[in-house]
Amino acid sequence: DDNIYQIEETETTDENGQKTKSYQIIPLGKQVADFYPEMFPTQLSRLGRIDFSGAQNYPYSFDEYKEYYQKSTILYYLHSINDEKRYTKLADNYYAPWVFAKEGEAIHLKAKLTITNDKGDILPERIYFITQDKVQAEAKYDAETQTFDVTLPSGQNNSRQILYAVHRLHDTAIIETLGRVDIDTKNEISAKVVLVKVDGEYSKTTIESELNKLSKQVALRWQVEEITDFEADRSLVNNLFEKSSGLLESYNDTQKSLNAALKAHLGGKYDAEACYVFMLDKAPNKSRNVIGFMPRGEQFGYVYAGSCTNLSQTLLHELLHGRFLLRHTFDKSYGSQKEGNNPENIMDYGNGTHLAQWQWRSIHDPAVVKGLFKRDEDGEALVSLLISYGVNATINASMQMLFAYMFDDNVNSW
């Protein structure tokens, strides 16, 4: 039997709070021998097209190409050592999207059929969804909406699958490519954040629930703890943003003093791998840079709960800076985009929650997952290292910042 199945567990809760588990066998597809994906046309058919999207209840991220990505080599190219594009182009108006998959869980997609001629050449019953490994996905067609419900198994952790939508013309061996989606499979990872209550009002339980709901799209789980017995020096709290950070410093002196005071308070309970976020009340001004602040690769952050319109969203934005090194979508390395140009993304300033493939790739990078936070002396160590390798230049502050920018990015295959 070449068919592929998965047993899915569901849990329901009745009006009395009693939970009941049930199990269902889900067909995911079958292994086939009469298709040769390496021979599929790389250009989109003129007869019709399939546009993919995530199924309604599919909890993981679905990511589509944006035109401004062409302005940034980081976003446009998948590999750092060759010219493979991150989003494969099949036609001028068709770039293959990405979908996130969690290892061991079925992938559920929608596939919308658009027929571009009326000669009857495209027949839904002759449309197949085939991976590069010759797995034919399970597909059910709804004639009213002209949409397929597509289900297939996930790959192994850190694997890449390509799912092609193809049409076989009548009883011939002629194959037309109607669409494609790339699948990125990852295991769940976890991180720890400790909320340090200063004077901000919030609910730890609500934050933990909402953080994990927002992060589930990329299989990221947060362990949330809280410190309620730290008495912060008000002279520090009231002047956290009195001076901006220097060129080589992620924190100003006031912030460093508050961070050090917390570490001293914790003593042996200090966790070098946890994120610590001071939960404050009202921000000294309305700048989004102040309402939430956590430098990339740093352990301590500050969130003014009383000034947030969406506290958990703001907190996750800052944690993705600090713990997972994500940049703003309008960072200069991404083609000099303006703030608000990618409003659906959580790393823009707005109400977005989406994470793109180039972001979840960084989140799951082993060097990031297992890495420690920056130390104040790291910048000086980098300069010393460069000099030891014979860099013949005056290492001024601007060059130090440039070197740090170049070397703190994680470059891997995709």
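**Figure 1. The largest nonpolar core of the predicted model.** Of the 103 residues in this core, those touching the most other members are F52, L109, F129, L163, W222, F278 and L320. A nonpolar core is a set of buried Ala, Val, Leu, Ile, Met, Phe, Trp, Tyr and Cys residues joined through side-chain atoms within 4.5 Å. A residue is termed buried under 20% relative accessible area, exposed over 50%, and partly exposed in between, with a 1.4 Å probe and protein chains only. A second, separate core has nine residues, among them V32, I162, Y164 and I175. Across the whole protein, buried residues make up 49% of the 414 residues. This is a predicted model, in which local features need pLDDT of at least 70, side-chain atom pairs count only at pLDDT 80 or more, and totals for chains, interfaces and linings use all residues. Residues are numbered from 1 along each chain as its sequence is written, and side-chain values use heavy atoms, with hydrogens and water left out.

**Figure 2. The surroundings of F278.** Contact means heavy atoms within 4.5 Å. Leaving aside neighbours within four places in sequence, F278 is in contact with V196, V198, F230, L258, N259, L262, F300, G301, Y302 and V303.

Figure 3. Helices (H or I, at least four residues) and strands (E, at least two) are DSSP runs, numbered from the N terminus. Two strands pair if DSSP finds at least two bridges between them. The five strands of this open sheet follow the order 15-14-16-18-17, with mixed pairing. Strand 15 (220-227) and strand 17 (292-293) stand at the edges with a single partner strand each, so one side of each is left without a neighbour in the sheet. Strand 16 (residues 275-280) and strand 18 (residues 300-304) run parallel and are joined by five bridges. Within strand 18, V303 is the bridge partner of M279.

Figure 4. Axes are lines fitted to C-alpha atoms, for helices over the stretch in contact, and angles run from 0 to 180 degrees between N-to-C directions. Helix 4 (residues 253-266) lies across strands 14, 15, 16, 17 and 18, and runs at about 110 degrees to strand 18. In the loop between helix 2 and strand 15 is A219, which has a positive phi of about 55 degrees although it is not a glycine. A219 counts as buried because its relative accessibility is 3%.

**Figure 5. Strand 12 and its two partners.** Nine of the nine residues of strand 12 (residues 160-168) are buried, so this strand is largely enclosed by the rest of the structure. In a regular strand the side chains alternate between the two faces of the sheet. Both faces of strand 12 are covered, with R160, I162, Y164, V166 and R168 buried on one side and Q161, L163, A165 and H167 buried on the other. Strand 9 (residues 127-131) pairs with strand 12 in the antiparallel sense over five bridges, and Y128 has V166 in strand 12 as its bridge partner. Strand 12 also runs antiparallel to strand 13 (residues 175-186), to which nine bridges join it. Here I162 stands opposite D182 in strand 13. Strands 12 and 13 form a hairpin with six residues between them, and H170 in the turn has a positive phi of about 45 degrees.

**Figure 6. Two residues of the strand 10 region.** Q136 lies in strand 10 and is buried, with a relative accessible area of 16%. Leaving aside neighbours within four places in sequence, Q136 is in contact with L28, G29, K30, V32, Y128, F129 and I130. The C-alpha atoms of Q136 and L163 are 8.9 Å apart, although 27 residues separate the two along the chain. Q146 is in the loop between strand 10 (135-142) and strand 11 (147-152). Q146 has a positive phi of about 55 degrees, although it is not a glycine, and counts as partly exposed at 32% relative accessibility.

**Figure 7. Helix 6 within the structure.** At 1.5 Å a residue, the 12 residues of helix 6 (residues 311-322) should span 16 Å, which agrees with the 17 Å between its end C-alpha atoms. The expected span of a helix is 1.5 Å times one less than its number of residues. Helix 6 is largely enclosed by the rest of the structure, because 12 of its 12 residues are buried.

**Figure 8. Confidence in the model.** pLDDT is the predictor's confidence in each residue, from 0 to 100. The mean pLDDT of the protein is 85, and 84% of its residues reach 70 or more. Over residues 245-249 the pLDDT stays under 50, and the model has 11 contacts beyond four places in sequence for them.
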